[in-house]
Amino acid sequence: MDSFFYNIGQGLKNIRRNRMFSAASILTMTTCLFLFGIVYFIVTNISFMIHEAEQNVGVTVFFKDGIANEELASLKGQIEAMAGIKQVNYKSAVTAWEDFKKTYLTEPELLESFGDDNPLENSASFEVYFETVEAQDQLVSDIAVLPGVRHVNDTRQLVKTLTKVNRVISVSSSVLIILLLVISLFLISTTISVGVSVRKNEIAIMHLIGATDHFIRFPFVVEGIALGLIGAAIPLAVLYLVYYKVIELLGAKFSGIMSSGMDVVSIYDIFARLSPMIVGVGLGLGLLGSIFTMGRELRKIRHQL
């Protein structure tokens, strides 16, 4: 146990001895993992919105002006009879206007400006939901040609746009993150190398009196682990604060959009997955940087002896 705590103390001393390189390693890793977290926020929420758009948002079918109630009932029956239709709900113009006011006209002055008018008096519609997302394209085409249908609003373009944005962000961010990870690994390796150089004579003497490679290596592994954990803890704390503030801002400024279905992943759900990833990456970088660097430096010292 004395050796164990001695080596931990030596590893932490190495960080203090090489403050400049240690700070550079931590800063680079913090930047890398912070960017990783931001990208993860964006990609995860876009994927969540795509899933919500596919699963929970149906299409809206508007009727031609002056359509009779009998024709509406017949049209609803035709849509419900189609294979792949899960549910068809009728929304009157009055209901559409009431929903619009609750969602978007939260300011009394805006609401009063409309008086008793209903700008959506011709917006009665059917809300149609599908059994599977894959069936949406064909069913939308079939519904659009039915007698009495004026227009069909669907989410296909929204889903396609979000999918493209998600793909572009994922690819570009992956390249940036890999580059930053390589830089972080290089800086950790440099920090460990400087620590070895400072203790070069001490390590050589330890070799000569019979110290094992594991005993010599352990303080530098501790140093790498400590750098990795610090470099992971800082961005996690900042990311938590950023995401909390973003959710708070969205709730305060865009409550109408949030309540209409454009929701985001909860802070608990996103950090339950993100935290282990960031800690794992930070710990992995520290371990890899210290293990590979120490292996190389010990070979050099043995060769000189």
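**Strand pairing**

Reply: Strand β1 and strand β3 (residues 125-130) run antiparallel and are joined by 4 bridges. The model is predicted, with local features needing pLDDT of at least 70 and side-chain atom pairs pLDDT 80 or more, whereas totals for chains, interfaces and linings use all residues. Residues are numbered from 1 along each chain as its sequence is written, and side-chain values use heavy atoms, without hydrogens and water.

Me: What counts as a strand, and when do two strands pair?

Reply: Strands (E, at least two residues) and helices (H or I, at least four) are DSSP runs, numbered from the N terminus. Two strands pair if DSSP finds at least two bridges between them.

Me: Which residues in β3 are the bridge partners of T60 and V61?

Reply: T60 has E127 as its partner in β3, and V61 has F126.

Me: How many bridges join β1 to β4?

Reply: There are 4, and β4 (residues 149-153) runs antiparallel to β1.

Me: Changing topic, why is β1 largely enclosed?

Reply: Strand β1 (residues 59-63) is largely enclosed by the rest of the structure because 4 of its 5 residues are buried. Buried means under 20% relative accessible area, exposed over 50%, and partly exposed in between (1.4 Å probe, protein chains only).
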